[in-house]
Amino acid sequence: MSGVVTGFGVITTVVVIGYMLGRLALLGPGARDVLSALAFYVAGPALMFTILLDTDLSVLWSGKVVVSALSVAAVVSVVVATGLLRRWGVSRTTMSALASSYVNAGNLGLPIAAYVLGDASLVAPILLTQMLVMAPIAVTVLDLAGGEVRGAGPVLRRALGTPVRNPLLLASLAGVTVSAAGWSPPAPLLEPFGLIGGMAVPAMLLAFGISLHGSGLPGRGPQRGSVLFAVCLKSVVQPLVAWALGALAFGLSGPDLFAVVVLAALPTAQNVFTYSLRFRAEVDTVRDTVLISTFATVPVLFAVTFLLG
């Protein structure tokens, strides 16, 4: 479990540093929004380009990927149904769906895949699926829901244009295209992307830490019900669904079953918090869900390792 300890240690340290920056006001009152924008528009796209540049695209068609995708779809379906019944509205339902299913496959998934599962490339399909499918759809929906758009023509034009304006998607598509073409960019051309991309995860975590300053205990505010609902789906329901699908429907066992359950049990990604800041949607709920699900994942991963590892 050294990978779990290492991953959580890194995340906790950077978030605490962000909290202290917010408490001391060293970066000014707009630091959270600036860091979030930096991650969304500049560093995040550079990171995704470099990650996807060397990805073997054949991993997208394995049975494990299908199980992961179906477990996400099951959780999203529950959230959408609940949102319709409770009349949450488009923005709240979309952010709740992301908070309940979008796993931290990057800064936590990578070390866990490397040290617990023994293969860091196992998170590549999840990163691709989330960045190429989930994120573009969610960002498009949030963008449409947040604007005053009237008439079928403007709605259609905006729906078609929003993905094209998403820097994370454009960078991901560029990385996939270069990888599929089999071209290796020269080091002088690629080095700046690696250097800038290295800021993405720290910027997300620091923005998250800054947002914690001045807020109450997570899950104690008016958004308590929404937070507990999302955490339960993310930390308990999604790994259970992944286990049921993997073992009973796809016949997975041993390391393959263990891998899909561990990856499904990862907490909500900081990317979701970045999106909530970007679109001013459910910021407090997403922040608390990320924090609580991150801590809840520790006992869940230990339990999964004990039962299946």
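Where is the place of Thr-294? Thr-294 is located in helix α14, where helices are DSSP runs of H or I with at least four residues, numbered from the N terminus. The structure is a predicted model, in which local features need pLDDT of at least 70 and side-chain atom pairs count only at pLDDT 80 or more, whereas totals for chains, interfaces and linings use all residues. Residues are numbered from 1 along each chain as its sequence is written, and side-chain values use heavy atoms, with hydrogens and water left out.

Thr-294 has a relative accessible area of 9% and is therefore buried; buried means under 20% relative accessible area, exposed over 50%, and partly exposed in between, for a 1.4 Å probe and protein chains only. A polar atom of the Thr-294 side chain lies 2.5 Å from the backbone oxygen of Val-290. Apart from neighbours within four places in sequence, Thr-294 is in contact (heavy atoms within 4.5 Å) with Phe-8, Pro-267 and Thr-289.

When residues up to four places away in sequence are not counted, Thr-289 touches Ala-99, Val-227, Ala-230, Val-231, Thr-268 and Thr-294.

The description now turns to the segment that precedes α14. Helix α13 spans residues 270-279, and the loop between α13 and α14 (283-308) holds Arg-280. Nine of the 10 residues of α13 are buried, and the helix is thus mostly covered. Among the buried residues are Val-272, Tyr-275, Leu-277 and Phe-279. After α13 comes Arg-280, with a positive phi near 50°, a value found here in a residue other than glycine. Arg-280 is exposed because its relative accessible area is 57%.

Two packed helices are described by the angle between their axes and the distance between the axes. The axes of α10 (residues 200-212) and α13 come within 10 Å and cross at roughly 65°. The axes are lines fitted to C-alpha atoms, for helices over the stretch in contact, and angles run from 0 to 180 degrees between N-to-C directions. The two helices α10 and α13 are therefore roughly perpendicular to each other, a class that covers 65 to 115 degrees, while angles under 35 degrees count as roughly parallel, over 145 as roughly antiparallel and the rest as oblique. On the side of α10 the contact is made by Met-204, Leu-205, Ala-207, Phe-208 and Ser-211, and on the side of α13 by Gln-270, Asn-271, Phe-273 and Thr-274. By class, this contact of α10 with α13 has five nonpolar, four polar and no charged residues. In this classification Ala, Val, Leu, Ile, Met, Phe, Trp, Tyr, Cys and Pro count as nonpolar, Asp, Glu, Lys and Arg as charged, and the others, Gly among them, as polar.

Helix α10 also contains Leu-206. With a relative accessible area of 18%, Leu-206 is buried. Leaving aside neighbours within four places in sequence, Leu-206 is in contact with Val-14, Ile-17, Gly-18, Leu-21 and Leu-35. The C-alpha atoms of Leu-206 and Gly-22 are separated by 9.1 Å, although the two residues are 184 residues apart along the chain.

A further residue with positive phi is Ala-25, at about 55°, although Ala-25 is not a glycine. Ala-25 is found in the loop between α1 (2-24) and α2 (31-53).

How values were computed: A polar contact is a pair of N or O atoms within 3.5 Å; within protein, one must be able to donate a hydrogen and the other to accept it, and residues adjacent in sequence count only if both atoms are side-chain atoms.
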